[in-house]
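Subject: A structure for you to look through

Dear colleague,

I am handing over the structure we spoke about, and below it you will find my notes on what was found in it. Please keep the model open while you read, so that you can look up each residue as it comes.

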Amino acid sequence: MLANERLPLRNRLTQLYVNYTSKIMDYEWIRIFMYAGLLGSDINAKCIDLVRQRVILTVCHVLRAERGLPKISDGEIPPREEQLVWSLQSSMLHMAIQKHLYDFDLGGTLSRAVEDRVNAFTDGVPAVFDALAQAESQR
């Protein structure tokens with residue numbers, strides 16, 4: 001899905017996260033995930049590693065390519081870039097927490113809530129990637 005360069009990154013991320021959030025918005029899933037984390041279970045570590053490998057690093061590479069930044073290996077992705085992508089990922093998980101633990105209204109449909117978060121990410125983070133790359137090149 002993310003590799004389809006014929007679609008704008010915003011659309012690819014929205015599709016990805018609408019699919020993702022439709023799975024994690026399950027009350028039982030979020031309870032198990034939260035309790036497993038609090039208990040120190042390796043379920044969370046495995047899940048986080050899977051998300052990092054399949055989503056976070058991929059989004060970093062796609063965003064770097066979109067910005068014309070040099071192609072690098074997974075191990076070379078700067079931690080600050082990775083953390084910016086984690087912020088988007090975490091906002092999706094936080095929606096499930098808001099809905100099921102805090103009983104918050106997400107303000108419309110799930111797809112609209114995802115779209116709002118993706119728009120905030122794509123409107124701001126690419127510029128930060130550029131600034132980080134520029135700072136790194138001046139060292």
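A pocket, as the word is used here, is an open set of grid points where a 1.4 Å probe fits, with protein on both sides within 12 Å along at least five of seven lines. Please bear in mind throughout that this is a predicted model.

The largest pocket

Rolling a probe the size of a water molecule over the atoms shows where empty space is left. In this model, the largest pocket holds about 210 Å³ of space. Its lining is made up of Arg64, Pro78, Arg80, Glu81, Leu132, Ala133, Ala135, Glu136, Ser137 and Arg139. Two helices, α4 (79-100) and α5 (110-137), each bring at least two residues to the lining, and α5 gives the most, with five residues.

Salt bridges

Side chains of opposite charge can pair when their charged atoms come close. The count of salt bridges in this model comes to nine, and I describe some of them here.

In one of them, the side chains of Arg10 and Asp123 meet with 2.6 Å from N to O. This pair links distant parts of the chain, since Arg10 belongs to helix α1 (residues 9-24) while Asp123 belongs to helix α5, and the two are 113 residues apart. Arg10 counts as partly exposed because its relative accessibility is 30%, a value that lies between the cut-offs of 20% and 50%. Asp123, with a relative accessible area of 56%, is exposed.

Another salt bridge joins Glu28 to Arg31, where the closest N and O atoms are 3.8 Å apart. Both of these residues lie in helix α2, and they are three residues apart, which is about one turn of the helix. Glu28 counts as partly exposed at 42% relative accessibility, and Arg31 counts as partly exposed at 30%.

In helix α5 you can find Arg112 and Glu115, again three residues apart and about one turn of the helix from each other. Their side chains meet in a salt bridge of 3.0 Å, N to O. Arg112 has a relative accessible area of 39% and is therefore partly exposed, and Glu115, with 31%, is partly exposed as well. These two residues also belong to a network of salt bridges that links Arg112, Glu115 and Asp116.

On the surface, Tyr35, Leu38 and Leu39 form a nonpolar patch, and together they have about 420 Å² of accessible area. Leu39 has its place in helix α2 (residues 27-39), and it counts as exposed because its relative accessibility is 75%, where the cut-off for exposed is over 50%.

Most residues other than glycine have a negative phi. With that in mind, please look at Asp103, a residue other than glycine whose phi is positive, near 60°. Asp103 is found in the loop between α4 and α5, and at 69% relative accessibility it counts as exposed.

Some separations across the model

Which residue has its C-alpha atom 39 Å from that of Leu39? The residue is Ala131, which is 92 residues away from Leu39 along the chain. Ala131 is found in helix α5, and its relative accessible area of 43% makes it partly exposed.

Ser41 has its place in the loop between α2 and α3, and it is partly exposed, with a relative accessible area of 25%. The C-alpha atoms of Ser41 and Arg10 are separated by 34 Å, and the two residues are 31 apart along the chain.

With best wishes

Notes. Residues numbered from 1 in each chain as written. Predicted model: local features only at pLDDT ≥ 70, side-chain atom pairs only at ≥ 80, totals over all residues. Heavy atoms only, no water. 1 Å grid on protein atoms, 1.4 Å probe; cavity = no way out; pocket = protein on both sides within 12 Å on 5 of 7 lines; lining within 4 Å. Points joined across faces, edges and corners; volume = space filled by probe spheres on them. Helix = DSSP H or I, 4+ residues; strand = E, 2+ residues; numbered from the N terminus. Patch = residues over 30% accessible without salt bridge, like charges linked within 9 Å, V, L, I, M, F, W, Y side chains within 5 Å. Areas by Shrake-Rupley, 256 points an atom, 1.4 Å probe, with all protein chains shown as cover. Salt bridge = Lys/Arg side-chain N within 4 Å of Asp/Glu carboxyl O. Buried < 20%, exposed > 50% of the residue type's maximum accessible area, 1.4 Å probe, protein only.
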